[in-house]
Amino acid sequence: MELFCNKGTMSDPEKFYHLEFVCDSEDEAHSVRDIIGGFGISCGLMKRKEHFVVYLKDSEAISDMLTLLGAHKALLDFENIKVLKEMRESVQRRVNCETANISKTVSAAVRQADDIRYIADRKGLDSLSDSLREAAELRLRFPDATLSELAEEMPGVGKSGMNHRFRRIARIAEELRESDVKL
């Protein structure tokens with residue numbers, strides 16, 4: 001504990017994980033690093049201006065060091081902050097994932113509706129097979145629905161089946177667009 005009181009500092013764990021010991025000489029820094037390493041805690045060493053710094057950036061290593069130093073209150077505070085930070089990061093990852101999924105669903109639905117309207121304008125939806133026409137009409141009726149939700153509206157058809165129908169509709173629309181370009 002004396003070592004930390006004389007040479008150590010710890011950053012605010014809300015911002016980032018960093019605990020360090022600032023040593024006056026390279027020999028002292030190597031000694032500190034060896035002592036810490038002797039407890040199975042990995043740390044780094046760098047030179048900063050005229051001092052040598054032994055540092056820990058890994059949250060587990062910092063927890064181990066706080067335990068070793070007998071800084072139980074600091075350890076509890078650190079672990080609480082760490083748990084809250086991990087929970088926030090986990091929630092943020094989930095939100096990002098959901099946002100990406102919603103964006104992909106909306107983009108696909110817009111493309112599908114555009115293809116369907118293009119076919120309807122050029123040839124009419126009656127030119128499609130019954131299964132494709134039914135899928136097209138569902139998409140126009142439920143523009144925000146996912147493939148799974150649309151599949152629920154068609155007994156015996158799953159998400160994969162709906163996806164396959166919309167791929168076929170996309171091919172038909174693409175062929176019509178290509179024939180229009182050639183004219």
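Biologist: Where in the protein chain is confidence lowest, and where is it highest?
Modeller: Confidence, or pLDDT, is the predictor's own score for each residue, from 0 to 100. It is lowest in helix H1 (residues 2-7), with a mean of 72, and highest in helix H5 (residues 130-141), at 96. Helices here are DSSP runs of H or I, at least four residues long, numbered from the N terminus. This is a predicted model, where local features need pLDDT of at least 70, side-chain atom pairs count only at pLDDT 80 or more, and totals for chains, interfaces and linings use all residues. Residues are numbered from 1 along each chain as its sequence is written, and side-chain values use heavy atoms, leaving out hydrogens and water.

Biologist: And what is the mean pLDDT of the protein chain?
Modeller: The mean is 92, and 97% of the residues reach 70 or more.

Biologist: Switching to cysteines: how many disulfides does the structure hold?
Modeller: It holds 0 disulfides (pairs of cysteine sulfur atoms within 2.5 Å). For cysteine 23, the nearest cysteine sulfur belongs to cysteine 43, 10.0 Å away.

Biologist: Is cysteine 23 buried or exposed?
Modeller: Buried, at 0% relative accessible area. Buried means under 20%, exposed over 50%, and partly exposed in between, using a 1.4 Å probe and protein chains only. Cysteine 97 is partly exposed, at 42%.

Biologist: Which residues of helix H3 are buried?
Modeller: In H3 (residues 59-69), they are Ser59, Ala61, Ile62, Ser63, Met65, Leu66 and Leu69.

Biologist: What follows H3?
Modeller: Glycine 70, with a positive phi near 75°.

How values were computed:
Helix = DSSP H or I, 4+ residues; strand = E, 2+ residues; numbered from the N terminus.
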